[in-house]
Amino acid sequence: MKKVILVIFCTAILMSGCSSNTADTVSNDVQQVNVSYDQMDNEGIGWGFVRKKGAPPEIPNSQKEVLRKYDCYYIDENAPKTLYLTFDEGYENGYTSKILDVLEQTSTPAAFFVTGPYLENQQELVQRMIDGGHIVGNHTVNHPNLPKQSVETEQKELSDLNKMCEEMYGVSMKYMRPPEGEYSERVLAVAKDMGYRTILWSFAYKDWDINMQQGADYAFNQVTPYLHDGAVLLLHAVSSDNANALEDIINYAKNEGYTFKSLDELQ
């Protein structure tokens, strides 16, 4: 039986690119994790569900159990009237600055899941995210479909991006989102052993196609009817619709009694 020995060095001096825990603090302890990944299910699972107005999606209990086992979250089941706002940042399309302006004006925390090219090429925007108190999450260096990769490749994709973030911005990543929203039990296990919480979502819509933008009202009407307790909202920052509707969406949610929280408050 193949054994994969994952050694996590998490001192600031070594700059290893891993966090040894999944909570709010980073331990400087050295851990050795002995895991038999070859016996784990690696069949890709595409994260998807049928949206329900005003209610969370229905996810099978068996799937929920796997997510809980590996510190993977798509919703906060213990947080009534709470929302978590997240953005995926595969590339920059000119709207993130406006998004950050709105977040600042409305005192709204968010998380931005970025790739390697974004981290390198959009340094001013990434620094604004950090300075604004937002979370910069790990979306891997090259955005590969993780279940199709080896364990070693997944580890490298996550650790190399984190190392870049530490070296360039002095910030360690604690949360990861699998590219394409596709994962497997093995993918989740590797991420957890590297110290990550995996973040999926309980709301999304087809907002990523830059050639199919339909205006701010369209985005508003796609998002607001589907708000629900503990929702993790996924929006793509390449969408002009999202950027133009964001302030109205946030104000509507707050008027409905919702509070936006940081992923650091996720339970």
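Reply: Start with α1, which gives the most to the lining of the second largest pocket: three residues. Keep in mind that this is a predicted model. The helix itself covers residues 61-69, and β4 (72-73) also supplies at least two residues of that lining. Sort them by class and you get five nonpolar, two polar and four charged residues. The volume of this pocket is about 180 Å³.

Now hop over to the largest pocket, which has a volume of about 450 Å³. Its lining takes 21 residues, and those nearest the centre are Asp 88, Glu 180, Trp 208, Leu 234 and His 236. By class, that lining splits into 10 nonpolar, six polar and five charged residues. Two strands, β5 (82-89) and β11 (231-236), each supply at least two of its residues.

So let's stay with β5 for a bit. Buried here means under 20% relative accessible area. Eight of the eight residues of β5 are buried, so this strand is largely enclosed by the rest of the structure. In a regular strand, side chains alternate between the two faces of the sheet. You can follow that in β5: Thr 82, Tyr 84, Thr 86 and Asp 88 point one way, while Leu 83, Leu 85, Phe 87 and Glu 89 point the other way.

What does β5 pair with? With β11 it forms six bridges, running parallel, and Phe 87 sits opposite Leu 235 there. Two bridges link β5 to β12 (residues 259-260), again in parallel, with Leu 83 facing Phe 260. Strand β6 (residues 111-114) is parallel to β5 too, joined to it by four bridges; for Thr 86, the bridge partner in β6 is Ala 111. To get from β5 to β6, the chain goes through helix α2 (residues 96-105), making a right-handed β-α-β crossover.

One last stop: Ser 240 belongs to helix α8 (residues 240-255). Is Ser 240 buried or exposed? Its relative accessibility is 15%, so Ser 240 counts as buried. Setting aside neighbours within four places in sequence, Ser 240 is in contact with Tyr 95 and Gln 213.

How values were computed. Residues numbered from 1 in each chain as written. Predicted model: local features only at pLDDT ≥ 70, side-chain atom pairs only at ≥ 80, totals over all residues. Heavy atoms only, no water. 1 Å grid on protein atoms, 1.4 Å probe; cavity = no way out; pocket = protein on both sides within 12 Å on 5 of 7 lines; lining within 4 Å. Points joined across faces, edges and corners; volume = space filled by probe spheres on them. Nonpolar A, V, L, I, M, F, W, Y, C, P; charged D, E, K, R; others polar. Buried < 20%, exposed > 50% of the residue type's maximum accessible area, 1.4 Å probe, protein only. Contact = heavy atoms within 4.5 Å. Pairing = 2+ DSSP bridges. Right-handed = clockwise from strand over helix to strand, strands pointing away.
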